[in-house]
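Student: May we go through this structure together, one topic at a time?

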Amino acid sequence: MEHLLGLLRIHVHKGVNLAVRDVCSSDPYVVIRMGKQKLKTRVVKNNINPVWDEALTLSVSEPLPVKLEVYDRDTFSLDDKMGDAVFDIQPFLEAIKMRLNNLPNGTIITTVKPTRTNCLSEESHIIWTDGKAIQKMVLRLQNVECGEIEIQLSWIDIPGSRGLK
């Protein structure tokens, strides 16, 4: 517990224009990895624009990059890969460390711009909402012909943990 910084909640909202891997659609699900942790969403059948609306929570001991992978569930063969993306949580953690309080809802704390080294398809704002910082991201999938995944990050402090300093 003393090595833990806190919990990163990743709200996997939806996929947009994902690749077709079956006859005319796909059965996509998302896998989130950070270090040795691996979490999955449910499968959405026959949909290249799935809405998962699921929250996955990772314990953070150090700010490692997060890898997101999208797969097509297949019944009789290995699941097909539908792209991946990597994102850095460091800018988000830096905003959390500011320990801002009492900001008006919707205040932009900082903006992360798309670069060649991140998978952002548009600017990502870290925003003060309902008493906490959140970051919405639209990630462009790599190693695939098309597709984006929309997610949102939030942070949960753990009493008794090392915390963010």
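**Strands, helix and salt bridges**

Tutor: Let us begin with two strands: S5 (residues 66-72) and S6 run antiparallel and are joined by 6 bridges. Strands here are DSSP runs (E, at least two residues) and helices are DSSP runs (H or I, at least four residues), numbered from the N terminus. Two strands pair if DSSP finds at least two bridges between them. This is a predicted model, in which local features need pLDDT of at least 70 and side-chain atom pairs count only at pLDDT 80 or more, while totals for chains, interfaces and linings use all residues. Residues are numbered from 1 along each chain as its sequence is written, and side-chain values use heavy atoms, with hydrogens and water left out.

Student: Which residue is the bridge partner of Lys-67 in S6?

Tutor: The partner of Lys-67 is Val-86.

Student: And what is the order of the strands in the open sheet?

Tutor: The order is S3-S2-S5-S6, with 4 strands and antiparallel pairing. Strand S3 (37-40) and strand S6 (80-87) stand at the edges with a single partner strand each, so one side of each has no neighbour in the sheet. On average, neighbouring strands of this sheet are turned by 20° against each other, direction ignored; the axes are lines fitted to C-alpha atoms, for helices over the stretch in contact, and angles run from 0 to 180 degrees between N-to-C directions.

Student: What holds strands of a sheet together in general?

Tutor: Strands of a sheet pair through backbone hydrogen bonds, either parallel or antiparallel.

Student: Switching to salt bridges, how many are there?

Tutor: The count comes to 9 salt bridges, where a salt bridge is a side-chain nitrogen of Lys or Arg within 4 Å of a carboxyl oxygen of Asp or Glu. One of them is between Glu-69 and Lys-81, whose closest N and O atoms are 3.9 Å apart. Glu-69 lies in strand S5 and Lys-81 in strand S6, so this pair ties together parts that are 12 residues apart in sequence.

Student: Is Glu-69 buried or exposed?

Tutor: Glu-69 counts as buried, at 6% relative accessibility. Buried means under 20% relative accessible area, exposed over 50%, and partly exposed in between (1.4 Å probe, protein chains only). Lys-81, at 37%, counts as partly exposed.

Student: Which residues are linked in a network of salt bridges?

Tutor: The network links Arg-33, Lys-67, Glu-69, Lys-81 and Asp-84. Within it, Asp-84 forms a salt bridge with Lys-81, the closest N and O atoms being 3.3 Å apart. Asp-84 is buried, with a relative accessible area of 5%.

Student: Now the helix: which residues of H1 are buried?

Tutor: In helix H1 (residues 90-97), the buried residues are Phe-92, Leu-93, Ala-95 and Ile-96. They cover an arc of only 155° around the axis, which puts them on the same side of H1; the arc is that of the directions from the helix axis to the C-beta atoms.

Student: Which strands do they pack against?

Tutor: The buried residues of H1 pack against strands S1 (6-16), S7 (107-112), S8 (124-129), S9 (132-140) and S10 (148-156). Contact means heavy atoms within 4.5 Å.

Student: What comes just after H1?

Tutor: Arg-99 does, with a positive phi of about 50°. Asn-102, in the loop between H1 and S7, also has a positive phi, near 60°. Asn-102 is exposed, with a relative accessible area of 78%.
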